[in-house]
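This report goes through one protein model, from its overall build to its metal site. Keep the structure in view while reading.

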Amino acid sequence: MNTIGRNDFLHYTTMVSAKNNALVSGDRLKAILSDVDFTAVLVDGLGSGAGANASASIVIEELEKSPAIKLDSLLEKSNERMIGMRGAVAAAIRIKFKRKIIEFSSIGNISCYIFRQHSKKIIYPRQMMGYLSGSPKKFTVQALEYQSGDFFFLHSDGLEINEAKHLLNEEEFIRAQSARSNYIIFHNDDASFIAGRLF
Ligand SMILES: [Mn+2]
């Protein structure tokens, strides 16, 4: 399952796969691109199969219901609905093209990288421990400036990036965007990523 979108500000790709090539993945994602911003969420439901997918779907539904929702509210509302469910880890990102700002909110082990072309540096947004479980939690949004030429990569623990610095290279990053980079290693697990280049 892959999606691709592009406009004058962004070219992004996404991928979701399932453990043992099952039909249902416990990972889900949603990306919404407009002329003014890009909003995306990547969710890894705990465990695998239908139960994991049901938990992940809660976050997707909340974003579909209110695409302009603040990212901390998205996680808060999703968390409230997790009672009696397996739970999930999630990361949400919103990119505001005009002001060149990346907003980020997450809980649990979704990895997120921003690759800064200009200074050849990798920026790691703050992460919060835990998972969406239904027990009360406070979420925060981190805002980071970006520059034209930056890349970003969000992924679940079903894959890993080996030596992330290689993805500072644009050709390598473009290979990563289509899951063809040798520096991206897939495990036999539900796996997903969102990868974008900013212009
Ligand atoms: Mn996982």
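## Overall build

A residue is called buried if its relative accessible area is under 20%, exposed if the value is over 50%, and partly exposed in between. By that rule, buried residues make up 50% of the 199 residues in the protein chain. The model is a predicted one.

The chain contains three helices and 13 strands. Its radius of gyration is 16 Å, close to the 16 Å that the globule rule gives for 199 residues, so the chain is as compact as a globular protein of that length. The C-alpha trace spans about 45 × 35 × 25 Å along its principal axes. The accessible surface of the protein chain is about 9,400 Å², and carbon and sulfur atoms account for 50% of that area. Counting contacts between residues at least 6 apart in sequence, 65% join residues at least 24 apart.

## The six-stranded sheet

Six strands form an open sheet with antiparallel pairing, in the order β1-β2-β13-β10-β7-β8. Its edge strands are β1 (2–6) and β8 (121–123), each of which pairs on one side only. Neighbouring strands of this sheet are turned by 15° against each other on average, direction ignored.

Within this sheet, β13 (residues 191–198) pairs with β2 (residues 10–17) over eight antiparallel bridges. In one of these pairings, Tyr12 has Gly196 in β13 as its bridge partner. Strand β13 also pairs with β10, in the antiparallel sense, over five bridges. Here Phe153 stands opposite Ala195 in β13. Helix α3 (residues 170–177) lies across β2, β7 (111–116), β10 and β13, and runs at about 140° to β13.

## An enclosed strand

How many of the eight residues of strand β13 are buried? Eight of the eight are, so the strand is largely enclosed by the rest of the structure.

In a regular strand, side chains alternate between the two faces of the sheet. In β13, Ala191, Phe193, Ala195 and Arg197 point one way. Ser192, Ile194, Gly196 and Leu198 point the other way, and the residues of both sets are all buried.

## The five-stranded sheet

A further open sheet has five strands in the order β3-β4-β5-β6-β9, with antiparallel pairing. The edges are formed by β3 (27–33) and β9 (142–145), and each pairs on one side only. From one strand to the next, the twist averages 15°.

Strands β5 (residues 88–96) and β6 (residues 101–107) run antiparallel and are joined by seven bridges. Helix α2 (residues 71–80) lies across β4, β5 and β6, running at about 20° to β6.

## The manganese site

Which residues coordinate the manganese ion? They are Asp44 and Asp157, each through OD, at 2.2 to 2.3 Å. The pair links distant parts of the chain, as the two residues are 113 residues apart. Asp44 belongs to strand β4 (residues 37–45), while Asp157 sits in the loop between β10 (151–155) and β11 (159–161).

Asp44 has a relative accessible area of 9%, which means that it is buried. Asp157 has a relative accessibility of 36%, so it counts as partly exposed.

Notes
Residues are numbered from 1 along each chain as its sequence is written. This is a predicted model: local features need pLDDT of at least 70, side-chain atom pairs count only at pLDDT 80 or more; totals for chains, interfaces and linings use all residues. Side-chain values use heavy atoms; hydrogens and water are left out. Donors are N, O and S atoms within 2.8 Å of the metal (3.2 Å for Na, K and Ca); water is not among the atoms, so sites may look incomplete. Helices (H or I, at least four residues) and strands (E, at least two) are DSSP runs, numbered from the N terminus. Buried means under 20% relative accessible area, exposed over 50%, partly exposed in between (1.4 Å probe, protein chains only). Two strands pair if DSSP finds at least two bridges between them. Axes are lines fitted to C-alpha atoms, for helices over the stretch in contact, and angles run from 0 to 180 degrees between N-to-C directions. Contact means heavy atoms within 4.5 Å. The radius of gyration is taken over C-alpha atoms; the globule rule is 2.2 Å times the number of residues to the power 0.38. Accessible areas come from the Shrake-Rupley method with a 1.4 Å probe; for residues, only the protein chains shown count as cover.
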